[in-house]
Every structure is written in structure tokens, then in C-alpha cells.
Amino acid sequence: MRGLLSGITVVDLTSVVMGPYATQIFGDMGADVIKVESPEGDIMRHMGVGRSKAMGPIHLSVNRNKKSLVLDLRKDAARQALLRVVAKADVFVHAMRPSVIEKLGLGYSKIKEINPEIVYCGAYGFGEGGPYANEPAYDDMIQGVSGLCSVNALLAGEPRFTPTIIGDKVAGLTIAHSILAALFHRQRTGEGQSLEVPMFETLASFMLIEHLWERVFDLQSGSAGYPRVLSQLRKPHKTKNGYLCVLPYTDRNWKDFFALADRGDLAADPRYGTPNSRSQNYETLYKILGDIMMERTSEEWLSALKPLNIPVAPVNSLEDLFTDPHLKAVGMFIQKEHPSEGVLTQVRPPVKFEKTPSQVTRLAPRLGEHSREVLAGAGLSEHEISLLMEGSASV
């Protein structure tokens, strides 16, 4: 079955996770994604222990549905070969600093010369217009400058990273939907264009959705930070025998919860009677909630809260995800045979399309596995390809 993006060719010069996550989404949707790598390969190939060299677990998790083309872009012949591949592509995406991509002769002005209709995406750490534009950026740096580490200090007592590469993944999702929007514009108008997706601005925007707070009204001196989610008492609540995530949210939820706890005094308390009054009294409200939750076991709370439609959930470990009954029922984990790596587990694309489903049709490639195929498809002769491949043991 053809995917949504069948017929779209993406030339992908990204590495690590941000860009590869975005381009894997395109591959899952049926695009022909050509992953361009140096002779050493994407660094994520070498992170963790795999079954064979340069086939580490994160690479296998974020580079499926792609072809691997090895080119040493420090060499002019390799750059010229890449331009011939790009000439037939729809999308070009890279994650190099602006000065580096220009020095390679692969900036938008050059790519546009050979392919005016291309959608060209620069996935940067920082936007080109600011003083940080040419600074290196990884998820740790972006979590720091975006304010994420500082809000974690409210819980940990010192700035802390969130234990997931959230900057990479939020930016990767933003890259994917932004390129799709540009392709939609091209479909309607025939116009290609360039776009930049900077991690810093993306995560700052992400953080400020709720934390802009009163600065909406007073940019200079309004209070920033949504109090409910910054409260130290917003956390999984301890029960008699474990922990639960519970969130009475609506007026009806709170009334039902207070009735269940036999706390009519709280139901009548004007501090907790409306969304606005509760928003001004989260500290005392969450303290009360935590105290009440310790009165029963997790099982007792689950059986009492679920029939009342009061939001409640267990605290799963990473290991619990693999046996979670819902994830099992919806087929979240799939296993496929890799030509060289054996049986691999993959997390299926989460979105379901009725007529054009995303699919895992090709597991992550070996380094340079498709170099000859891609270059031949771009019109290079066997002699030209052999000259390019000489001295590269990876291909």
C-alpha cells in the first residue's frame, strides 16, 4: 500500500537524533529518504552495544525506512555527486551550522540553482539572525538555555536535565510538520523555499506555551511560570502501597473526589470551588490531595476513581511499557528481521491513517549500503561511482 509521501525524495544530511527523527517520520509515510553519511558514519551508529559494528540501538531506532549513501563531502567530486542526487529530490535537510554548510558549497542559493522547486530545511541549534547562530548545540545545551533545567530545579533543588532528549525530539517533530507545510505550499503554487528550524527557539516556544503566564499582559514585569505545574506538590501521589498519578480537573471531578473522601468541608470551601480559585491555591490543594491519597491502596483508588471518570493512572517504569495492556492491544511494538542484525524490535508509527498507513518497510541501513544504487539512480556511470567509492571500506 502506498504511503502518504510516496514519490517524495528526501536528501538527509542530518545526524544524531533531531534530524533523523524528522526524516524517519517521512520514511514511515512512504518517502524515499537518502541518508548521506561521512565514511565514519552518523555518530549514533556507534552509541551503545550492537550486534555488529556501526549498528547501535539508537541508530536502529531512528533511521529505518532510509537508504545510506556514503560521501566524503570534503572532496569536490563527492559534492558534485551529491548535487546530482539533489537535482532529482524534493526535500533537502541538513543540521550543520550556517557557516559550515555554506563553506561546503551546499547552502540554499547553490541548491536552488540546480533545483528551484526544492524545499530546503536548515535544522540549526540557533536561528541565523541571532548572536548564537554559529555556536554548537546539543540537547543538553538547549535544555539549559530554554529554561527547562531551571524549572527542574524547583523539584530537584538544583538545575537538572529532563531524562529524555526532549529538545531533539520536539525540534524533530517541528522539522517534520514544517517541511510538510512547505511541500503543501509547493503543491499549490509550484514554489520551493528555504526554511530554518532552530532548536533553541523551538524549545523556548514549547516552554512558553504555558509558562508565558502573566507576561501575556505585561512583558516586562509580569510573572512567568504556570503555578500548577511548577508546584513541588505536583507529582505522583503516594498511596498505602505505591504511587498513582491522579488529577481531579473539572468542577465535577473535584466535587466527586471530595465526596469520595468524605470531605464535605472541602467541597464547600470557596478556595476550591472554581477553576480560578483553585488556580490561586494549588499549594494547599495539592497538599490536601496528597494527604488523602495516602489513606487507601493504589488498587482501592483505581477501582473507586475510574467509575467517576476522575483521571488516574499508574506510574509505569520503562520496562512496564513493554507489557502495558493498552500498548499490547494496539500493537505498539513490532518485530522484524534485519538482513544483518537479526530480529529487531521497533516502535510502530503512532498515527494511524485509514487509507495510507505509515509502515516499517525497511529497517535501518548498514553504512553505505545503498551508495551505488542511489548514485546510479542520479545518473552517475559505473566508472564515476567506482572512483568515488575507492578508498572507502564502508561502502
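Student: In which helix does Leu-208 lie?

Tutor: Leu-208 lies in helix α9. Please keep in mind that this is a predicted model.

Student: Why is Leu-208 called partly exposed?

Tutor: The relative accessible area of Leu-208 is 42%. Buried requires under 20% and exposed requires over 50%. The value of 42% falls in between, and therefore Leu-208 counts as partly exposed.

Student: What makes Leu-208 part of a nonpolar patch on the surface?

Tutor: A residue in a patch must have over 30% relative accessible area, and nonpolar side chains are joined within 5 Å. Together with Leu-212, Val-216 and Phe-217, Leu-208 forms a patch with about 420 Å² of accessible area.

Student: Which residues of α9 are buried?

Tutor: They are Met-199, Thr-202, Leu-203, Ala-204, Met-207 and His-211. Glu-210 also lies in α9, but its relative accessibility is 30%, so Glu-210 counts as partly exposed. Glu-210 touches Tyr-226 and Val-229, leaving aside residues up to four places away in sequence.

Student: How do you know that the span of α9 is close to the expected one?

Tutor: Helix α9, residues 199-211, has 13 residues. The expected span is 1.5 Å times one less than the number of residues, which gives 18 Å here. From its first C-alpha to its last, α9 reaches 18 Å, close to that expectation.

Student: Which residues touch the most other members of the largest nonpolar core?

Tutor: Among its 31 residues, these are Val-10, Phe-26, Ile-175 and Ile-179. The elements giving two or more residues to this core include α1, α8 and α9, and α8 gives the most, with eight residues. Ile-179 touches Phe-26, Val-91, Val-93, Val-119, Cys-121 and Leu-195, not counting residues up to four places away in sequence.

Student: Is Asn-65 buried or exposed?

Tutor: Its relative accessibility is 4%, which is under 20%, so Asn-65 counts as buried.

Student: Why is Asp-262 called exposed?

Tutor: Asp-262 has a relative accessible area of 68%, which is over 50%, and therefore Asp-262 is exposed. Asp-262 is in the loop between α11 and α12, and has a positive phi of about 60° although it is not a glycine.

Notes
Residues are numbered from 1 along each chain as its sequence is written. This is a predicted model: local features need pLDDT of at least 70, side-chain atom pairs count only at pLDDT 80 or more; totals for chains, interfaces and linings use all residues. Side-chain values use heavy atoms; hydrogens and water are left out. Helices (H or I, at least four residues) and strands (E, at least two) are DSSP runs, numbered from the N terminus. Buried means under 20% relative accessible area, exposed over 50%, partly exposed in between (1.4 Å probe, protein chains only). A nonpolar core is a set of buried Ala, Val, Leu, Ile, Met, Phe, Trp, Tyr and Cys residues joined through side-chain atoms within 4.5 Å. Contact means heavy atoms within 4.5 Å. Patches are made of residues with over 30% relative accessible area and no salt bridge: like charges are joined within 9 Å, nonpolar side chains (Val, Leu, Ile, Met, Phe, Trp, Tyr) within 5 Å. Accessible areas come from the Shrake-Rupley method with a 1.4 Å probe; for residues, only the protein chains shown count as cover. A salt bridge is a side-chain nitrogen of Lys or Arg within 4 Å of a carboxyl oxygen of Asp or Glu.
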